[in-house]
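Biologist: Could we go through this model together? I would like to start with the strands and then turn to the aromatic rings.

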Amino acid sequence: TLNQTGYALTVNISSGLSSEGAGSGSVSSSPVGISCASDCTEVYSSGTVVSLTATPASGSTFAGWSGDSDCVDGFVTMNTSKSCTATFKLDMTTLNVVRSGDGTVSSNPSGINCGSACSKSYAKGTKVTLSAKASANSKFAGWVGGGCQGIVDCTVSLENQTSVSASFLDAHRAAIGIFRPSTGEWFLDANGNGIWDGCTVDLCLGPFGGNGDLPVVGDWTGAGMVNIGVFRPSTAEWLLDVNGNGQLDGCNVDRCLRSSGSRPSASLPIVGNWRGPGVAMIGEVISGRTPNWYLDLNGDGIIGNCNPDACPKFPSDNGDLPVSGDWNGTGTSNIGIFRPSTGEWFLDSNGDGQWKNCKFDKCLKSFGEVGDRPITADWTGDGRAKVGLYRPATGEWFLDLNDNGKWDGCGADGCSQFLGKHEGDLPVVGIW
């Protein structure tokens, strides 16, 4: 409307309000007069060209003009009263979740539900907390990216587009660990990602055992939990952590076994489910004796009598290391040996406790070298034990994930350094 002075120009500010919040900013003019948010209307002489400048607040972006036709470019010719609206929107960025395995990831504020919705735009500066939930047969292995680590809830501060990976592993697949005889400490990869994530994420147990002891692990009670233990060759004692607290609480609380009969210090321990799923049972292998395998078949913790226990006639040379595993997915452990001098494995695949030849049993060639320590477990969760190695000289682990008995490199098989090299460390494996 024309008055005595000129025409009125009115500026409005739109917040561009969305589910993420409101944008904000201010508008100034040349010639001066408009300073909006506080002063949003000014009267200008007829014919005056007013230049409007929109300035977004921190965290916002100017999204454009609307209103009268010449508001669009921000240069308004005052030939009548006019109204212009400046719209400010929040600066947005995207959070992407990359999920592998069987589980879901949710977010607070909401938006991520991965499973299905794995990408969401949020206002810059938003702190988004991600929570992982494994399915019934999985376990959460941890985060990668976005400053997240470990297995606890992760909070991401979004300044730029960010990607976070969440890994879920089969709960039935075995994971690696270390026993350190010099201190009696145990370091177990509880989330199964092959990386040492510290005692708050993985498991630190002990002291349990010491110098000269050899580590053993098994389900000592049949409750479905794998617990630690040691075999003491010098006294032929077995000390087993029955209550699962990672400490030796004495023979009245935990379990102490002693092999019967004369046993040389060269005895090596072996553990397996000799009679199918249930309680893990002990055994010993003694080089230079026939029979040289003694398995506690009846589970009474006493070794020495081949009836009712078992004394397989499975040969092993000096330097051979005993192994056991469910080679066929039947639920029953069978025996075998690893020969470090040649990298060969000889496995009793038919379960008769005797070595025939590679046609009836299983022979693997060139998976290992001198000084390696054999490990066997179900690395993939398919129910069958597979071979693997721990290399003390470098602290490396090599796992035959594809179960072809050959080392196919870290892409096809599994590589890890876990804790790295530490003199005297001994490998263990289990479902922790």
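**Strands and ring pairs**

Modeller: Strand β24 (residues 268-272) and β25 pair in the antiparallel sense over 5 bridges. Two strands pair if DSSP finds at least two bridges between them, and strands are DSSP runs (E, at least two residues) numbered from the N terminus. This is a predicted model, in which local features need pLDDT of at least 70 and side-chain atom pairs count only at pLDDT 80 or more, while totals for chains, interfaces and linings use all residues. Residues are numbered from 1 along each chain as its sequence is written, and side-chain values use heavy atoms, with hydrogens and water left out.

Biologist: Which residue of β25 is the bridge partner of V271?

Modeller: The partner of V271 is I282. β25 also pairs with strand β26 (residues 293-295), again in the antiparallel sense, over 3 bridges. There, E284 has Y294 as its bridge partner.

Biologist: Is β25 mostly covered or mostly uncovered?

Modeller: Strand β25 (residues 281-285) is mostly covered, with 5 of its 5 residues buried. Buried means under 20% relative accessible area, exposed over 50%, and partly exposed in between (1.4 Å probe, protein chains only).

Biologist: And which residues lie on each side of β25?

Modeller: M281, G283 and V285 are on one side, I282 and E284 are on the other, and all of them are buried. In a regular strand the side chains alternate between the two faces of the sheet.

Biologist: Let us move to the open sheet. What is its strand order?

Modeller: The order is β3-β2-β5-β7, an open sheet of 4 strands with antiparallel pairing. β3 (35-36) and β7 (75-77) are at the edges with a single partner strand each, so one side of each has no neighbour in the sheet.

Biologist: How many bridges join β2 to β3?

Modeller: There are 2 bridges between β3 and strand β2 (residues 25-30), and the two run antiparallel. S28 is partnered with S35, and V27 with C36. The hairpin of these strands has 4 residues between them, and G33 takes a positive phi near 150° there.

Biologist: What about β2 and β5?

Modeller: Those two strands also run antiparallel, joined by 6 bridges. In β5, L52 is the bridge partner of S29.

Biologist: Where does T48 lie?

Modeller: T48 is in the loop between β4 (41-44) and β5 (49-56). T48 is buried, because its relative accessible area is 19%. Its side chain reaches the backbone oxygen of S45 at 2.8 Å. Leaving aside residues up to four places away in sequence, T48 touches P31, V76, T77 and M78, where contact means heavy atoms within 4.5 Å.

Biologist: Now the rings. How many aromatic pairs does the structure hold?

Modeller: It holds 15 aromatic pairs. Rings of Phe, Tyr and Trp (its six-membered ring) pair if their centres lie within 6.5 Å; planes under 30 degrees apart count as stacked, over 60 as edge-to-face and the rest as tilted. One of the pairs is F140 with F168, which is tilted, at 5.2 Å centre to centre and 45° between the planes. F140 is in strand β14 (residues 138-144) and F168 in strand β16 (residues 162-170), 28 residues apart. Both are buried.

Biologist: What is the geometry of F367 and W407?

Modeller: Their ring centres are 6.1 Å apart and the planes are at 80°, so the pair is edge-to-face. F367 counts as buried at 1% relative accessibility, whereas W407 is partly exposed at 33% relative accessible area.

Biologist: Which residues do ring pairs link into a cluster?

Modeller: The cluster consists of W293, F314, F346 and W355.

Technical notes: A polar contact is a pair of N or O atoms within 3.5 Å; within protein, one must be able to donate a hydrogen and the other to accept it, and residues adjacent in sequence count only if both atoms are side-chain atoms.
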